[in-house]
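Student: Could you walk me through this structure, a step at a time? I have not seen it before.

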Amino acid sequence: MTASAIDRSGARDHGAPRARARAPRVVRVALAGCGTVGASLVTLIRRQRALFEARHGVTFELVRILVRDPAKERGVVLPRHLLTTSMDDFLRTDADVVVEAIGGFDPAERVVREALAAGRHVVTANKALIAAHGPALQRLADDQGASLQFEAAVGGGVPVVRTLRGELGGHGVRTITGILNGTTNFLLTAVAEGTRFADALRDAQARGFAEADPSRDLNGLDAADKIRILAWLAWGVDPSTLDVRVEPLPADPDPLAALAKARDGVLKYLAGAVRGDDGTVRAWVRPVIIPRDHALAAVRDEENAVHIDSESLGLLRLQGRGAGGSATASAVLGDLLGAVR
Ligand SMILES: NC(=O)c1ccc[n+]([C@@H]2O[C@H](COP(=O)([O-])OP(=O)(O)OC[C@H]3O[C@@H](n4cnc5c(N)ncnc54)[C@H](OP(=O)(O)O)[C@@H]3O)[C@@H](O)[C@H]2O)c1
């Protein structure tokens, strides 16, 4: 037995990667947006530094952070010289990877397009942008020899993008069904336990599980963007033209939740997509009463879950924290590593 196979406590090393003798490769990261996701990413990069150096031989160095208000309190200490409000300054920064954590289209789309056009790898958490322009951005990335990663855009910390892009993608996926919106799942979990919807919404906003304006969560457009992205990855359909039949949550879901309870079921807000034998893809988002013993009934609070039925694997179930800064930032960090590999 070699000395390196035994740690100081005398326990055996069961194959954990050994510390690398060589200096880690420095990867320069420019971060656009430092709100819930961006600030959590900064914290995570700092916390995981030693692990990433030892295990992967890389260290992530933040070289520029684009924000609107440099004086804002963000819960993380940021050297002032890293912050900029100038898009031109940000885009000129020599970075290996650009992380886009602004959201929406303007100016997030410009950040992503210009970074890819300059041959930089891009990691984004932006579902609206990927649902609208994913294929075109992917072509741009491919043309430039850059990598476009967007795990955090669907399912927060649940690795569904990686799964569909990897061995499952294009190999006989038949249906995708899931809970893709953490905010509405948080609300419906509280309602199922007896809280009135209006009170649950106030609580969710106070605890950061719902935005001040939660309309895209409640009207199903957020989940529709996500199911579009999954349908693109599974079947190659253009997400921007895929017709998703969206039924919003009722303005007051309490009576429907009470009906679900009377039937020994649970009210969930589900999204799904199916490919027919003729190759057409149908997608939907709607409130559904499911049996209490259904696997999706056990998905609580801000959790997300995706069930993928495929010819090769049968039913695959993925479940985990679908929203919140740290779960989303952990998906972004995984993408950073994927990008530089
Ligand atoms: N939060 C989640 O749980 C979650 C989960 C999955 C995916 N996502 C996605 O992650 C992305 C970021 O979400 P978030 O919750 O972190 O948003 P957020 O808290 O609102 O943060 C947005 C950041 O972007 C900056 N920003 C906005 N407009 C800007 C502009 N014109 N110029 C420069 N900076 C600008 C803001 O700067 P200031 O701070 O100076 O205002 C802020 O730092 C979105 O695409 C979202 O859909 C979020």
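Tutor: Let us go through it as questions and answers, from the whole chain down to single residues.

Student: What should I know about the model before we start?
Tutor: This is a predicted model, in which local features need pLDDT of at least 70 and side-chain atom pairs count only at pLDDT 80 or more, while totals for chains, interfaces and linings use all residues. Residues are numbered from 1 along each chain as its sequence is written, and side-chain values use heavy atoms, with hydrogens and water left out.

Student: How many helices and strands does the protein chain have?
Tutor: Helices (H or I, at least four residues) and strands (E, at least two) are DSSP runs, numbered from the N terminus. Counted that way, the protein chain has 12 helices and 12 strands.

Student: Why is the protein chain said to be as compact as a globular protein of that length?
Tutor: The radius of gyration is taken over C-alpha atoms, and the globule rule is 2.2 Å times the number of residues to the power 0.38. For 341 residues the rule gives 20 Å, and the chain is as compact as a globular protein of that length because its radius of gyration is close to that, at 21 Å.

Student: What share of the residues of the protein chain count as buried?
Tutor: Buried means under 20% relative accessible area, exposed over 50%, and partly exposed in between (1.4 Å probe, protein chains only). Of the 341 residues, the buried share is 50%.

Student: Among contacts between residues at least 6 apart in sequence, what share joins residues at least 24 apart?
Tutor: Contact means heavy atoms within 4.5 Å. Among the contacts in the protein chain between residues at least 6 apart, those joining residues at least 24 apart make up 68%.

Student: Which residues come nearest to the ligand?
Tutor: A residue is near a molecule if one of its heavy atoms lies within 4 Å of it. The shell around the ligand divides into 10 nonpolar, 7 polar and 5 charged residues; here Ala, Val, Leu, Ile, Met, Phe, Trp, Tyr, Cys and Pro count as nonpolar, Asp, Glu, Lys and Arg as charged, and the others, Gly among them, as polar. Of the 22 residues around the ligand, the nearest are Cys34, Val37, Asp69, Arg74 and Gly324.

Student: How far is an oxygen atom of the ligand from an N or O atom in the side chain of Arg74?
Tutor: A polar contact is a pair of N or O atoms within 3.5 Å; within protein, one must be able to donate a hydrogen and the other to accept it, and residues adjacent in sequence count only if both atoms are side-chain atoms. A ligand oxygen lies 2.9 Å from a backbone N or O atom of Thr36, and a polar backbone atom of Arg68 is 2.9 Å from an oxygen atom of the ligand. For the side chain of Arg74, the distance to a ligand oxygen is 2.7 Å.

Student: How much of the ligand's accessible area does the protein cover?
Tutor: Accessible areas come from the Shrake-Rupley method with a 1.4 Å probe; for residues, only the protein chains shown count as cover. On its own the ligand has 910 Å² of accessible area, and the protein covers 78%.

Student: Is Asp335 buried or exposed, and which backbone nitrogen does its side chain reach at 2.8 Å?
Tutor: Asp335 sits in helix α12 (residues 325-340) and is buried, because its relative accessible area is 2%. A polar atom of its side chain lies 3.3 Å from the backbone nitrogen of Phe150. At 2.8 Å, the side chain of Asp335 reaches the backbone nitrogen of Glu151.

Student: Is Asp225 buried or exposed?
Tutor: Asp225 belongs to helix α10 (residues 221-235). Leaving out residues up to four places away in sequence, Asp225 touches Lys127, Ala128, Ala131 and Arg216. With 9% relative accessibility, Asp225 counts as buried.

Student: Where is Pro107, and which peptide bond is cis?
Tutor: Most peptide bonds are trans. Pro107 is in the loop between β4 (97-100) and α4 (108-117). With omega near 15 degrees, the cis bond is the one from Asp106 to Pro107.

Student: What is the phi of Asp264?
Tutor: Most residues other than glycine have a negative phi. Asp264 lies in the loop between α11 (254-262) and β9 (265-275), and it is exposed, with a relative accessible area of 52%. Although Asp264 is not a glycine, its phi is positive, at about 60 degrees.
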